[in-house]
Amino acid sequence: MVMKRTHTCGELTDKNTGATVTLCGWVKSRRDHGGLIFIDLEDRYGVTQLVFNPQKNPSLHKEAERLGPQFVICVSGQVIPRLAGKANPNLPTGKIEIDVQTLEILAASEPLPFDLDGDIPAQEVRLKYRYLDIRRKMMQEVLITRHKIVNSIRTFFDRHNFVEVETPFLTRSTPEGARDYLVPSRIFPGSFFALPQSPQLFKQLLMVGGLDRYFQIVRCFRDEDLRADRQPEFTQLDVEMSFIEESDILALIEAMMKEVFQNVLKKDLKTPFRRISYDEALKLYGCDKPDLRFGLTLTDVTALLSKSQFKVFQGADKRQDIIKGLTLTPKADYSRSEIDKLTEFVKGYGAAGLVTYKVQNGVLTGAVAKYIEPDIQKELIKEMGAKENSLILIVAGKPDTTNDSLAGLRLHLTAKEGYQPAEPQRSPATYGGAEEFSFCWVTDFPLFQYSAQEKQLVSAHHPFTSPQDESINAIMDKRVGATEASMIKAKAYDLALNGVEVGGGSIRINSTKLQKKVFELLGISDAEAQERFGFLLDAFKFGAPPHGGIAVGIDRLVMLLTKQENIREVIAFPKTMSSTCLLTGAPAQVDEKQLKELGIKLGL
RNA sequence: GGGGGCGUAGCUCAAUUGGUUAGAGUACCAGACUGUCGAUCUGGACGUUGCGGGUUCGAGUCCCGUCGCCCUCGCCA
């Protein structure tokens, strides 16, 4: 194959002096002195300066005057050293320039809607002209890093004897609980495919198929409202293995991450990652994806403060409420308005309010301090590890909202205070961004959660998740009530990185009998189970090996490793917050003819 | 579905308690200029202040509605 260009715009140095070269690229800038014209020619590898000298070649110089920003050109010429003292030390190619002998304009360009080197334009503009946004260095670097990460992952799994298998996009809904994107069937009007929320069932079938070690880098689709770290279509590393246990999966992913960090970031990642049980995570951090880069842990003071006469707290334990809080030291100087803002913050999570005390002269002060009995005050200060000038922040209420709001408050305060240690004794040496990337496994998730909405137990993970061994007998032998069931732990695990959930998985049930029992507890009838995933249950009749796996969110992982604050930044063509594509205008209406063919009548 | 922020020239932003002709930088156009590298200098052109309504002598500014983008709660592993 004959390449048009002999070099890229980033590789020529004084070592190439004298060589005749051909370069292709975009005109980054033209500096026209009336006489000499300098062109910065750019491609994704770098920038090279071209010179047009009217005395050497008048007609070529005339041509160069026509060149505008972002014209695509191809030039041939000789690599010459720049004049003494005129080198540009900021460029790898700064010691040389190209004395152009031939110029071909491959494509002209209209003025761009925004400056590639200027301030980053509004999201509307970036997404509408995403191809121009991608021309920016920053975007290219992120996309290249993403490629390297994915490439490193593929190489890792290939070397460990995994087989990448593609699974269908046109399929049935999998039991993950999010809304499906539906695709109408033309052959069967009124019937629909669903785009997969994940390849969950297929990967289990691959285990039944004896493939033993499967992985896939695969697109998944969920029709839910978006967030800074959520897109309607996103990419997962999907993994499933047979004849393994939970610890095997964790170790595998740790090894993979270590390799990715080494290959892509040139950083040594410490393994094994920290492990924390779901219960412990909830207790100390109020959430199941704790950011362990810093301390500022929560303290449960339900028992103590329920005894108080203060009616916000009194009898909380009897109402099934909890009282938890955190202590900032030394932060008694928070102003009234700052505290009001924090109160508004927790109210955003549905908390009734925020009770705040300052510790001064060994006692609590603040608007509502007088309602707390002296002996309880003393005990509270002790339990919360507070000291002189500490600020104690307390939320009371339903467990979920209390934990949610305090987990949010913890992150909020940490960001606000710049990772300053609140209490070094209880959170040793974990402040100050000492750790750039803090992975942790959250294990021992509950198998079920009670859904108040449905008045029914639902799967915390998905219905094929195996309970832990000690609970299996309980489930099989006797009838398990709702409260007992909510105590059962699953062989399920999540991977959190800097407070972001980047993965999750489980060991699956491979016993038909146990699966039946779990469906029973979930209120799924035999008929319904057969209807929704009968094909999986059938498969399990024919020798299903014990198996389990995990899925890792590639977009989120790339986002964290490239220090981006939004998932859009690591996706070439992302959707807006309202799941539209500003570039193509999708979703869009379709021809009446298309609808008719699909048997669809709009009832808007 | 709820809460919040933003929307002014192609782009990034400004515009005093509501005040008279809505500015700046950059990009664009024209001209000048032989060592620049964010080139420089001179001049020019560029606005339905997202859209619709209202209050007012007067609205970019206040009110109501609506659309778009972003953040967040719910939702979503």
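Two strands are taken to pair if DSSP finds at least two bridges between them, strands (E, at least two residues) and helices (H or I, at least four) being DSSP runs numbered from the N terminus. The model is predicted, so that local features need pLDDT of at least 70 and side-chain atom pairs count only at pLDDT 80 or more, while totals for chains, interfaces and linings use all residues. Residues are numbered from 1 along each chain as its sequence is written, and side-chain values use heavy atoms, with hydrogens and water left out.

Strand β4 (residues 72-81) is joined to β5 (residues 96-107) by 10 bridges in the antiparallel sense, with V79 opposite I98. Strand β4 also pairs with β1 (residues 20-32), antiparallel, over 7 bridges; here C24 stands opposite C74.

An open antiparallel sheet of 5 strands has the order β12-β13-β16-β14-β15. Its edge strands, β12 (299-300) and β15 (363-365), each pair on one side only. Between β14 (residues 355-360) and β16 (residues 391-397) there are 4 bridges, and Y357 of β14 faces I392. Helix α10 (residues 374-383) lies across β12, β14, β15 and β16, at about 95 degrees to β15 (angle from 0 to 180 degrees between N-to-C directions of axes fitted to C-alpha atoms, for helices over the stretch in contact, that is, with heavy atoms within 4.5 Å).

Y181 is located in the loop between β6 (163-164) and β7 (182-184). Beyond its neighbours within four places in sequence, Y181 contacts F193, A194, L195, F221, R222, D223, P232 and S579.

Technical notes: Chains are lettered from A and ligands numbered from 1 in the order in which they are written.
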